[in-house]
Amino acid sequence: MSSSLSLFVRCAVLAVVGLIMAPAVEAADRDKLLSEPGVYGTFAAFTLDEDWAKEDQATRIAHLTVLRGVVEQHREKIAIDLYLTRGLSDHADIMFRMHAVELRETQKFLLDLQSSLFGKHLKTAGIMHGLTKKANYVPGFPDQLKADLKTASESGPKPYAIVIPIRKSPDWWALDQDKRAAMMKEHTEATLPYIKTVKRKLYHSSGLDDLDFITYFETSKLEDFHSLILSLEKVKEFQYTRRFGHPTLIGTAMSLPDIMEALAQ
Amino acid sequence: MSSSLSLFVRCAVLAVVGLIMAPAVEAADRDKLLSEPGVYGTFAAFTLDEDWAKEDQATRIAHLTVLRGVVEQHREKIAIDLYLTRGLSDHADIMFRMHAVELRETQKFLLDLQSSLFGKHLKTAGIMHGLTKKANYVPGFPDQLKADLKTASESGPKPYAIVIPIRKSPDWWALDQDKRAAMMKEHTEATLPYIKTVKRKLYHSSGLDDLDFITYFETSKLEDFHSLILSLEKVKEFQYTRRFGHPTLIGTAMSLPDIMEALAQ
Amino acid sequence: MSSSLSLFVRCAVLAVVGLIMAPAVEAADRDKLLSEPGVYGTFAAFTLDEDWAKEDQATRIAHLTVLRGVVEQHREKIAIDLYLTRGLSDHADIMFRMHAVELRETQKFLLDLQSSLFGKHLKTAGIMHGLTKKANYVPGFPDQLKADLKTASESGPKPYAIVIPIRKSPDWWALDQDKRAAMMKEHTEATLPYIKTVKRKLYHSSGLDDLDFITYFETSKLEDFHSLILSLEKVKEFQYTRRFGHPTLIGTAMSLPDIMEALAQ
Amino acid sequence: MSSSLSLFVRCAVLAVVGLIMAPAVEAADRDKLLSEPGVYGTFAAFTLDEDWAKEDQATRIAHLTVLRGVVEQHREKIAIDLYLTRGLSDHADIMFRMHAVELRETQKFLLDLQSSLFGKHLKTAGIMHGLTKKANYVPGFPDQLKADLKTASESGPKPYAIVIPIRKSPDWWALDQDKRAAMMKEHTEATLPYIKTVKRKLYHSSGLDDLDFITYFETSKLEDFHSLILSLEKVKEFQYTRRFGHPTLIGTAMSLPDIMEALAQ
Amino acid sequence: MSSSLSLFVRCAVLAVVGLIMAPAVEAADRDKLLSEPGVYGTFAAFTLDEDWAKEDQATRIAHLTVLRGVVEQHREKIAIDLYLTRGLSDHADIMFRMHAVELRETQKFLLDLQSSLFGKHLKTAGIMHGLTKKANYVPGFPDQLKADLKTASESGPKPYAIVIPIRKSPDWWALDQDKRAAMMKEHTEATLPYIKTVKRKLYHSSGLDDLDFITYFETSKLEDFHSLILSLEKVKEFQYTRRFGHPTLIGTAMSLPDIMEALAQ
């Protein structure tokens with residue numbers, strides 16, 4: 001696509017998007033949803049159907065404006081993040097990450113999304129749910145490790161996002177808490193070299209889907225992320241992992257306007 | 001979707017639905033079907049085809065009215081529950097749970113459903129059958145445990161429903177009855193902390209499909225349900241589970257009018 | 001569907017079906033095919049495509065009449081049974097069981113079926129082949145067990161039919177004949193309590209498809225069938241089973257006119 | 001299909017097919033390709049798309065004439081065999097077996113086939129490649145076994161063809177050559193009773209696809225083939241087989257005119 | 001296709017392609033991307049949709065010209081190689097290999113590709129990412145082995161390209177570095193006989209997709225490649241491989257004009 005056409009699309013999208021910065025109050029809610037325990041995180045990945053490519057650009061922009069409307073309507077109760085997975089993951093074109101206190105709120109959003117003009121072009125590639133919980137093993141870690149874990153992440157954008165679903169083997173759950181804690185200490189120590197450049201977030205899934213955990217990563221340095229995963233494959237706890245990925249979802253975190261621009265083309 | 005339009009849909013749906021409360025006699029049959037042994041429970045999950053989204057609302061409402069008719073026609077012989085799985089499960093949009101004394105009655109209902117105007121939009125995502133049976137291990141449990149198991153479930157709605165299909169390993173069935181009973185006692189004890197907030201129901205499937213059991217849960221507190229599953233993963237009996245979920249189906253229990261309203265949009 | 005419309009369909013179907021009772025000579029061939037060793041049994045399961053539901057009833061009846069013609073044309077060489085799996089199995093709508101002395105005869109029938117006006121609506125869900133053989137282990141069984149195995153099946157219709165494909169583990173085939181015979185004796189004894197109410201038939205598949213055996217069951221008492229499978233899961237021989245089901249196919253045996261009526265609706 | 005119509009189709013097909021007997025020179029090349037080491041064997045299985053069934057017969061015959069043209073065009077460099085798998089295998093309707101000295105020649109044929117009018121109706125079900133090599137273990141076998149292996153196959157047509165892809169376990173390759181040779185001797189001895197009625201051909205696949213071997217069988221006596229596979233499942237070497245079939249492809253070998261006639265209907 | 005028509009297509013394609021030789025500066029960048037560590041290699045495989053075959057040739061050529069434009073537009077930042085997998089792999093028709101310093105650049109190219117007129121006909125078959133890194137075990141190898149590894153590859157075209165994705169077992173990563181190094185020495189020695197005729201390149205994938213490694217091969221002698229893989233299956237390190245292929249992708253490396261010509265037909 002020529003850059004002049006690209007510029008036209010950007011202008012058209014911005015024109016319909018307008019200012020969608022969330023007011024301060026809302027941002028506070030979002031901070032709570034993204035940091036507190038007892039919150040349900042849902043990852044929903046979609047592919048665009050074949051008709052999407054055939055719609056003309058004006059129609060696509062109109063539909064994307066509907067997407068903006070649906071997202072805005074649910075922002076009060078749900079923190080919604082968007083990722084462009086097209087071109088990086090073979091499973092999906094677009095991924096939503098949602099945080100809500102009640103899973104029903106997330107369901108309502110996804111129902112509205114799927115029944116919208118934009119949503120009619122979406123085919124569900126996967127939905128995974130997890131719950132944020134207080135750290136299970138950290139309280140028993142040595143003080144130095146606890147302190148190290150508080151190292152601040154480097155500031156600046158972390159455009160790459162990776163989601164790795166995990167299922168532990170039954171042997172893992174059969175271990176007593178002490179043995180699991182010792183292995184999780186080794187696991188945690190292996191993450192320290194990457195604590196500044198790779199942000200991690202953990203969701204507990206048992207019963208909510210076919211997983212035990214959803215692990216979520218953000219980074220601007222993919223090579224560090226790769227090294228982190230390699231380190232985690234070498235600790236003893238990894239022997240108790242039955243499923244790791246399948247699928248691994250990799251995408252780029254994008255603002256709603258940027259997603260709209262990318263999909264409008 | 002704007003709330004005014006939503007209100008319009010609700011009115012339209014209610015207008016065609018009318019009063020569908022089942023008379024007292026029927027309710028009694030339903031109670032028996034849902035509580036007695038020797039009843040066949042079938043879980044049938046469907047996705048809506050791509051044409052559904054393209055039908056205009058009036059057509060969708062007309063088709064949903066047909067759904068109501070088919071359900072009513074079979075209410076005498078089958079207890080039918082509906083769940084909205086769209087937005088929560090990636091496998092299905094809608095799930096039916098049916099209880100009948102003869103599996104042929106359930107087949108007749110599903111045949112009528114699938115050949116109806118509404119049913120032509122349904123694509124079968126999965127069908128699982130199980131039989132309710134008298135408790136196998138409970139009679140041998142200590143009196144205290146038996147008493148604990150009689151703890152009443154908290155009243156009030158339990159909107160979330162989860163279905164987890166299970167296949168045991170051949171090693172499980174090779175154990176003698178005493179060893180299995182001892183492990184099931186440990187399993188049962190692990191469920192006690194959640195007995196008030198998470199309702200469970202068990203279906204025996206061996207031979208009727210590719211499962212040994214279908215486990216069904218209802219709760220308003222998903223976090224309790226998650227904790228329950230986590231506890232069950234830690235008891236010894238879980239080591240003898242070859243398949244747990246795959247798929248796990250999660251949805252919200254809904255009355256027929258509410259399902260109709262949700263799908264009409 | 002209202003019962004008056006259903007009656008109309010029944011009449012229309014019967015009108016085109018006419019008398020399709022097979023003459024006595026043919027029945028004798030059928031008896032031989034269904035009881036003798038050296039016969040190839042094929043199970044072919046199909047789903048109906050999306051266009052089928054959209055055809056009007058007259059067209060559907062016309063197409064089903066073609067089905068009748070194709071079946072009749074091949075009755076001389078093949079014993080053909082039909083099962084309605086729709087509403088019970090998620091893999092298929094209709095299943096054919098065919099017995100023939102040469103597998104090419106079965107192929108010819110299925111070719112004619114698939115190229116017929118009715119067959120154009122069929123999508124193949126699965127084809128499995130097996131060979132009937134003289135009992136392998138029975139000759140070495142104690143006389144009492146041999147006598148017990150001759151217990152007559154209860155008369156009366158056995159509407160439910162279940163097909164369970166089986167693959168043994170390599171360890172099974174590595175056992176010497178004596179060890180396998182001892183386990184099959186235990187296996188056979190476990191079936192005795194259900195010998196009156198559950199009919200069984202065994203097909204040997206190694207090399208003809210990805211299975212070692214196809215097991216076929218008929219019953220009017222599904223609970224007995226379930227108990228039978230549960231008993232078979234508890235004997236030692238089951239430890240040597242790598243695949244059991246996947247898919248399990250469950251349906252109702254139906255005459256050709258009844259299948260036609262069910263599919264015409 | 002009535003036999004008079006069938007006769008018409010046969011005439012129409014023969015009329016367009018004409019004489020396609022290959023001249024003597026070509027046959028010699030074919031013999032070399034089918035008997036020498038260092039030749040690439042490719043098995044390509046296809047299903048016919050839904051439009052094929054909707055084309056009228058004249059169009060189908062015209063398209064099949066194109067198939068004949070494509071096959072003839074590549075006969076100089078590739079030995080091409082055709083199999084009708086429809087009605088016997090659920091994975092495919094038609095299978096091509098190709099032998100060529102360079103895999104690129106096979107690719108060229110398949111490219112021409114797929115871009116032809118007939119090929120536009122083909123959907124690829126599977127492609128497998130293997131290399132013919134000099135016998136690995138036979139040179140070390142006892143003289144008697146070597147002599148037995150030279151027993152001529154019974155003359156006459158062998159209409160059934162079966163393809164079984166195989167992957168060995170890593171344990172197999174970790175064994176030293178002597179141990180593998182001893183097991184292959186036992187394996188080979190197990191095949192002797194069927195050497196007259198079941199023809200075998202072996203292709204080595206490691207690296208060329210997800211297999212280690214493709215085994216190909218031809219027979220007129222399927223029961224002997226079944227017994228052969230059963231014998232091979234009982235030898236020690238079978239314990240080192242990770243994948244056997246999946247899919248097993250079974251079909252009938254057919255001349256091009258016969259395939260054309262079968263597909264024209 | 002007759003060779004005269006083929007000639008016409010070749011002329012038409014060349015006419016629209018024009019001279020697309022990359023200037024010297026660009027080639028240098030390409031050399032760096034293909035030889036240095038810290039570069040992201042992406043393999044994206046696509047199938048052509050059913051509409052592609054139905055477009056007339058002029059339209060196909062026009063769309064392929066768009067492909068050329070998209071490739072040229074991104075050549076500055078990405079090294080792009082094309083492979084024709086149609087006729088050799090059942091998973092894909094065309095494969096792109098891309099090397100870029102930032103994975104986002106590759107995403108941008110694939111987004112532009114997929115939203116182009118040509119790209120609308122592409123269905124994603126698979127995307128895999130890996131990172132080039134400095135050799136891990138080679139520095140510790142004996143000098144002779146290091147010298148042997150520097151043997152130059154035979155010059156001349158290497159038309160066949162094979163991609164084999166690999167996942168190691170958790171046991172592999174649990175081994176200490178010395179044990180892994182010893183096994184990788186044995187692995188490397190097994191590759192020496194083929195070092196002249198089979199080019200290899202390794203990509204590290206852990207975390208970037210569901211793999212640990214992507215191995216890429218180029219050769220003109222497929223039999224040597226097959227022998228190489230067979231040798232690698234026999235070394236101890238292969239016991240620690242959980243996934244090898246699935247899919248194995250095999251195709252022929254082609255220049256953009258040649259790909260355009262092949263797909264235009």
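Trainee: Let's start with this predicted model. How is chain A divided into domains, and which residues make up domain 2?

Mentor: Chain A splits into two parts. Domain 1 takes in 3–131 together with 253–264. Domain 2 of chain A is 138–250.

Trainee: Which strand gives the most to the side of domain 1 of chain A that touches domain 2 of chain A?

Mentor: The contact between the two domains of chain A joins 15 residues of domain 1 to 16 residues of domain 2. On the domain 1 side, at least two residues each come from β1 (40–48) and β4 (122–131) of chain A. With four residues, the one that gives the most is β4(A).

Trainee: And how many charged residues are on that side of domain 1 of chain A, the one touching domain 2?

Mentor: Let's go through the classes. Nine residues on the side of domain 1 of chain A that touches domain 2 are nonpolar, and six are polar. The number of charged residues there is none.

Trainee: Now the chains. What kind of axis relates chain C to chain D?

Mentor: Chain C is superposed on chain D by a rotation of 72°, with 0.0 Å of shift along the axis and an RMSD of 0.0 Å.

Trainee: Which residue of chain A comes closest to the rotation axis?

Mentor: Chain A can be laid on chain E by a turn of 72° and a shift of 0.0 Å along the axis, with an RMSD of 0.0 Å. At 9.9 Å, taken at the C-alpha, the residue of chain A that comes closest to the rotation axis is E50(A).

Trainee: Which element gives the largest share of the side of chain A that touches chain E?

Mentor: The contact draws 29 residues from chain A and 23 residues from chain E. Two elements of chain A give two or more residues to its side, α9 (222–234) and β9 (249–254). The largest share, eight residues, comes from α9(A).

Trainee: How many residues on the side of chain A that touches chain E are charged?

Mentor: The side of chain A that touches chain E has 13 nonpolar residues and 10 polar residues. Its charged residues number six.

Trainee: Over to chains C and D: which element supplies the largest share of the side of chain C that touches chain D?

Mentor: Here 23 residues of chain C meet 28 residues of chain D. At least two residues of the chain C side come from each of α5 (103–115), β4 (122–131) and α7 (170–174) of chain C. The largest share, eight residues, is that of α5(C).

Trainee: Are helices α4 and α10 of chain E roughly parallel or roughly antiparallel?

Mentor: The axes of α4 (residues 57–74) and α10 (residues 256–264) of chain E come within 9 Å and cross at roughly 155°. An angle over 145 degrees counts as roughly antiparallel. So α4(E) and α10(E) are roughly antiparallel.

Trainee: Which residues of α10(E) meet α4(E)?

Mentor: The α4(E) side of the contact is Q57(E), R60(E), I61(E), L64(E), R68(E) and V71(E). By class, the contact of α4(E) with α10(E) has seven nonpolar residues, one polar and two charged. The α10(E) residues that meet α4(E) are L256(E), M260(E), L263(E) and A264(E).

Trainee: In chain D, is the crossing of α4 with α10 left-handed or right-handed?

Mentor: Helices α4 (residues 57–74) and α10 (residues 256–264) of chain D pack at an angle of about 155°, their axes 9 Å apart. As α4(D) passes α10(D), the crossing is right-handed.

Trainee: Last one: is the peptide bond from H246(C) to P247(C) cis or trans?

Mentor: P247(C) lies in the loop between β8 (241–244) and β9 (249–254) of chain C. H246(C) is in that loop between β8 and β9 of chain C, and its phi is positive, near 55°. Most peptide bonds are trans. With omega near 5°, the bond from H246(C) to P247(C) is cis.

Conventions
Residues are numbered from 1 along each chain as its sequence is written. Chains are lettered from A and ligands numbered from 1 in the order in which they are written. This is a predicted model: local features need pLDDT of at least 70, side-chain atom pairs count only at pLDDT 80 or more; totals for chains, interfaces and linings use all residues. Domain bounds come from an automatic or database domain assignment. Two residues are in contact if their C-beta atoms, placed from the backbone, lie within 7 Å. Ala, Val, Leu, Ile, Met, Phe, Trp, Tyr, Cys and Pro count as nonpolar, Asp, Glu, Lys and Arg as charged, and the others, Gly among them, as polar. Copies are superposed by least squares on the C-alpha atoms of residues with pLDDT of at least 70 in both. Axes are lines fitted to C-alpha atoms, for helices over the stretch in contact, and angles run from 0 to 180 degrees between N-to-C directions. Angles under 35 degrees count as roughly parallel, over 145 as roughly antiparallel, 65 to 115 as roughly perpendicular and the rest as oblique. A crossing is left-handed if the near helix is turned anticlockwise from the far one by less than a right angle, and right-handed if clockwise.
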